[in-house]
Amino acid sequence: MDHLTSVELAVAGNEASDLLPVHSEALLAAHGARRGFWTVLDEGPVEECLALLLEKDDDPGHWFAHHLSVLPGREAGRTEDGEALAYRDGWVYAIGSHFGSKAGPLRPRRAFFSRFREDDAARGPVPIQIVRNQFRLHRAFNDALRAHGIDTLPPGERSHVRFIVETTQRGTARGKRWTQRLSPGDHPVNVEAAAFTPAGTLLLGLRFPVTTAGEPILLEIDGVEAMFDNDEETWPEVVGVHVLTGVTPPGALTGFRAITARPDGGFDAVIGSIDALNKGSILIDDHPHGGGVECRHVRFTLPSGSGEVVAELAPFRNVEGLAEIDGHSYYVTDEDHRIALWFA
């Protein structure tokens, strides 16, 4: 990425996950911006972690950050680790990792979907809808991986104990009904990226699990809107499981870091390591060749699932977001206490 330039921004002393273009002209006008992106900060509840990265209309090249004021309602303070953003029909969706800390266990606070109307962000504090699924999607994701016959890389004994066994034990000790949705042999599922398809289904890019060949996996789910519209009585179902082939370096393990939809119906994505090195990751302890993987910008279509490499993003291993505007690629990297936005 040495051919790119960058700007550094700060929002609440936190680092960014994902990058989503702003679609609302009213929102851009309210901030005097010519273009902008949404990002989600990956520490704290989602209502405290939504931000805009904006380029001033009257001063091209001058970027600034705006921390969004949000009204979360009854779910205030009950989520964490927002990782993925997606846009559809005027709504911005922010999605939790459905994972846990790097050493486990899984955390139900991270199993959430949320959304808000983008135009509302032009007028003041934004009402946001938040739905926590209490491991219902963990169950659906694992069942789908088995049903589609995906040859998934086992998490490893320590990872299984920390993420599945200990999560079940903690939930049982606290009398949580969601423990029935965890089963021996399950994979801990780490959702890192999201994008809607032209048909209205949602692609979720997984950082883990990957296939035994080290290739990244996409889950395609339907019914996301109904989860919000039917008082949480209707849950999304997995309608497809896809493996992205042809883009993983030999001998490496690669998961998704970001996905963005293209106007032609295809998708661009960033792939990279299954977890960070030297941060206490149990997954990396079990699978050392899954760390230290440099990021790649890739392109693919469905249902083929065959990808091509657009750009090597070496030496970066921490690209967290990707977007395209007017044919130019923008990336955001995970930095300590700051946001780095990269572009040509």
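I number residues from 1 along each chain as its sequence is written, and side-chain values use heavy atoms, with hydrogens and water left out. As the model is predicted, local features need pLDDT of at least 70 and side-chain atom pairs count only at pLDDT 80 or more, while totals for chains, interfaces and linings use all residues.

Asp18. I found Asp18 in strand β2, residues 16–21 (strands are DSSP runs of E, at least two residues, numbered from the N terminus). Asp18 is buried (under 20% relative accessible area, 1.4 Å probe, protein chains only). I found no salt bridge for Asp18 (a side-chain nitrogen of Lys or Arg within 4 Å of a carboxyl oxygen of Asp or Glu). The nearest side chain of opposite charge is Arg257, 10.0 Å away. Beyond four places in sequence, the residues that Asp18 touches include Trp38, Glu83, Glu320 and Val332 (contact means heavy atoms within 4.5 Å).

Sheet. I traced an open, antiparallel sheet of four strands in the order β7-β8-β9-β11 (strands pair if DSSP finds at least two bridges between them). β7 (82–88) and β11 (129–132) each have a single partner strand, so one side of each is left without a neighbour in the sheet. I noted five bridges between β8 (residues 91–96) and β9 (residues 112–117). Ile95 has Phe113 in β9 as its bridge partner.

Ala276. I placed Ala276 in the loop between β17 (267–272) and α5 (282–286). I looked up its contacts beyond four places in sequence and found Lys102, Arg207, Ser281 and Ile284. The C-alpha atoms of Ala276 and Pro127 are separated by 34 Å.

Note on methods: Buried < 20%, exposed > 50% of the residue type's maximum accessible area, 1.4 Å probe, protein only. Lys, Arg positive; Asp, Glu negative; His and termini not counted.
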